[in-house]
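Student: I have this model open on my screen and would like to go through it with you, piece by piece. Could you start with the terms?

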Amino acid sequence: MSTPHTFHIPVMGLGFTVDSPLKIAKFGISSVVSIMDDHLLEDLRRLYSRKFQVPYFPIDEKEEDYRAKRITAYLDLLQELVDHQIEALRQEDFEKDQEINYYFQLLPKGHAYSLLYQKMLISSSIKRKELQHQLRQLISPGHIDVNIMTKVDKINYNKKGEPLPREYSDALSALRGFANSKAKGAVVFSAGLNPALFAYSEQFEDFFPDQNGKIKKGIILKVSDYRSALIQGRFLAKKGLWVSEFRIESGLNCGGHAFATDGLLVGPILEDFKNNRAELAQTLLTGCQRVWKEKGYTSIKAHTVPKLTYQGGIGNAEENAFLLKHYELDGTGWGSPFLLVPEATSVDEDTLQRLLKAKKSDFYLSHASPLGVPFNNLRNSSGEDQRKVRISKNRPGSPCYKKFLTSSTEFSKKPICTASREYQHLKLKQFDRGEVGEQEVNEVLEKDCLCEGLSAPALLSAGEQPRRNLNAVTICPGPNLAYFKGTFSLKEMVDHIYGKIQLQLDPERPHVFIKELQLYVEHLQKEIEKSLPEQTAKYVSYIDKFKGNLSEGVKYYHRMLTDFSDGSEFLVEKMKRQLEELEIKIHQEPITI
């Protein structure tokens, strides 16, 4: 069943949206839960079982397949509690109770359910009761979607130190946990193609059409460009796995890990999807139907197309409406702004205050991730404070308990994490021996323990203490959050998205397209500096391609400005001026920001 809202809340960290369905699914709003940290999920299952008086049976690490079982148990609890919330909502009295009215008041202007609700409010008693009955039947929950970062796929070992079979790796175990759960939603595969993970999806019936041509659990691909969507979609289609949605995310104007394109900007990328949508759908459907026929599955409807949504840096209703209309999108994702909405996400009070006090320069792209991928970070977070204190005490690095991001075999046969105390101690010894330079050591010391820092807020905000008293929080907001100040109610933020009200944002905030372009010009400067003084032919070619893509993007935006229909001549002129200034900077040697 589709949800009534045209936006969703993407995954944020390990803990910021891990229990968001309990807060907002009853209002028809979908959100994405990270299922990578089974320790956190087990802690939260215990917490919420106690809170809602549900029997709790611990799943110990000694149990076989404990990771997948923990994930299944947590998702089952979430779905069970959300289902209870929906039933309770349907029983509420429109005349006395708040939440049933709230459900319909949150809907976008002009939505059929909202119009029916408005009609009910002005109807006489008999007609009013009849319409109230209709409205109750229309109430449906938001989806409980889950996120699996495909690059986080550590091989696990038994007590003898022998590697377990491939299906017990972190990502495959997480997928199994979701597939075996009662959660009504989709799995979001982010961070690219993982052949073993994608192929393993074939083992679960819920990803295939039933006898009525309905797919119980969807597959969503989070992608940064059309080519990536086509490659990953084709791979899945050869297994008979239909992609229900392509979730396009800006490479740099986003939270968490940043997967920059080679200068391809989101406007032209969305245009690619818009122009090739029918062809993409037909290519994938043809591939799936071949497999479904061989396996005896009923096909989905012939003209079904995957949904298209965009997320990353959207800041107001005008941008949101333009994206939906111009690119014919099915929805948008709003992430970082919801970190300022306690009704929707789990941010502890200390971190919330740090966000509110942060300057624009405190939001930055860092080397904090042990994955070696640029990571959006906050300079004044308690996680950053802890990292610096450890360095000052000559004890850099973190104790490594969860080991989700162990990937380096530089010093050992078994992978260890580059943010760990063990790895950083060994790297400093290399430096003392003159084997590595200061720049490499500084980049290593910038690594932070994301396993603990990104999960802690979920427990802290619930008044619980994380295991081993590891209270420091790492937070990964997108650069767009720098322009939002204050905390907001759920209704205020949703009304802002739909244009019912306008939150007061920083007046210096650039348009979503301009901000992304600015970020890419800064990124290009860093790439050029990185290649100096040794500029190989391959790197020069990469830089030229990057500049060429940016220039094409600027030309596209100049053409696109004629389609702006929000009536703001001032905004159009401002964007034209900004585009001209940025185009000059793209071709400067060296670039200056």
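Tutor: Helices (H or I, at least four residues) and strands (E, at least two) are DSSP runs, numbered from the N terminus, and two strands pair if DSSP finds at least two bridges between them. This is a predicted model, in which local features need pLDDT of at least 70 and side-chain atom pairs count only at pLDDT 80 or more, while totals for chains, interfaces and linings use all residues. Residues are numbered from 1 along each chain as its sequence is written, and side-chain values use heavy atoms, with hydrogens and water left out.

Student: OK, what order do the strands of the barrel run in?

Tutor: The closed barrel has eight strands in the order 1-2-3-4-5-6-7-8, and their pairing is parallel. Neighbouring strands of this sheet are turned by 25 degrees against each other on average, direction ignored, where axes are lines fitted to C-alpha atoms, for helices over the stretch in contact, and angles run from 0 to 180 degrees between N-to-C directions.

Student: How many bridges pair strand 1 and strand 8?

Tutor: Two bridges pair strand 1 (residues 7-9) with strand 8 (residues 331-333) in the parallel sense, and H8 has G333 in strand 8 as its bridge partner.

Student: And strand 6, is it buried or exposed?

Tutor: Strand 6 (residues 245-249) has five of its five residues buried, so it is largely enclosed by the rest of the structure; buried means under 20% relative accessible area, exposed over 50%, and partly exposed in between (1.4 Å probe, protein chains only). E245, R247 and E249 point one way from strand 6, whereas F246 and I248 point the other way. Strand 5 (residues 218-223) runs parallel to strand 6 and is joined to it by four bridges, with V223 having I248 as its bridge partner.

Student: Switching to helices, at what angle do helix 3 and helix 7 pack?

Tutor: Helix 3 and helix 7 (residues 170-179) pack at about 35 degrees, and their axes are 7 Å apart. From helix 3, R67, A68, I71, T72 and L75 meet D170, S173, A174, R176, G177 and F178 of helix 7, contact meaning heavy atoms within 4.5 Å. The residues of this contact divide into five nonpolar, three polar and three charged, where Ala, Val, Leu, Ile, Met, Phe, Trp, Tyr, Cys and Pro count as nonpolar, Asp, Glu, Lys and Arg as charged, and the others, Gly among them, as polar.

Student: What does Q79 touch?

Tutor: Not counting residues up to four places away in sequence, Q79 touches I144, K182, A183 and K184. Q79 sits in helix 3 (residues 66-91) and counts as buried because its relative accessibility is 3%. A polar atom of the Q79 side chain lies 2.8 Å from the backbone nitrogen of K184.

Student: Which phi does E328 have, and where does E328 lie?

Tutor: E328 has a positive phi of about 55 degrees although it is not a glycine, and it lies in the loop between helix 11 (317-326) and strand 8. Most residues other than glycine have a negative phi. E328 counts as partly exposed because its relative accessibility is 46%.

Student: What about phi of K403?

Tutor: K403, also a residue other than glycine, has a positive phi near 60 degrees. K403 lies in the loop between helix 13 (382-392) and helix 14 (421-432) and is partly exposed, with a relative accessible area of 39%.

Terms used
A polar contact is a pair of N or O atoms within 3.5 Å; within protein, one must be able to donate a hydrogen and the other to accept it, and residues adjacent in sequence count only if both atoms are side-chain atoms.
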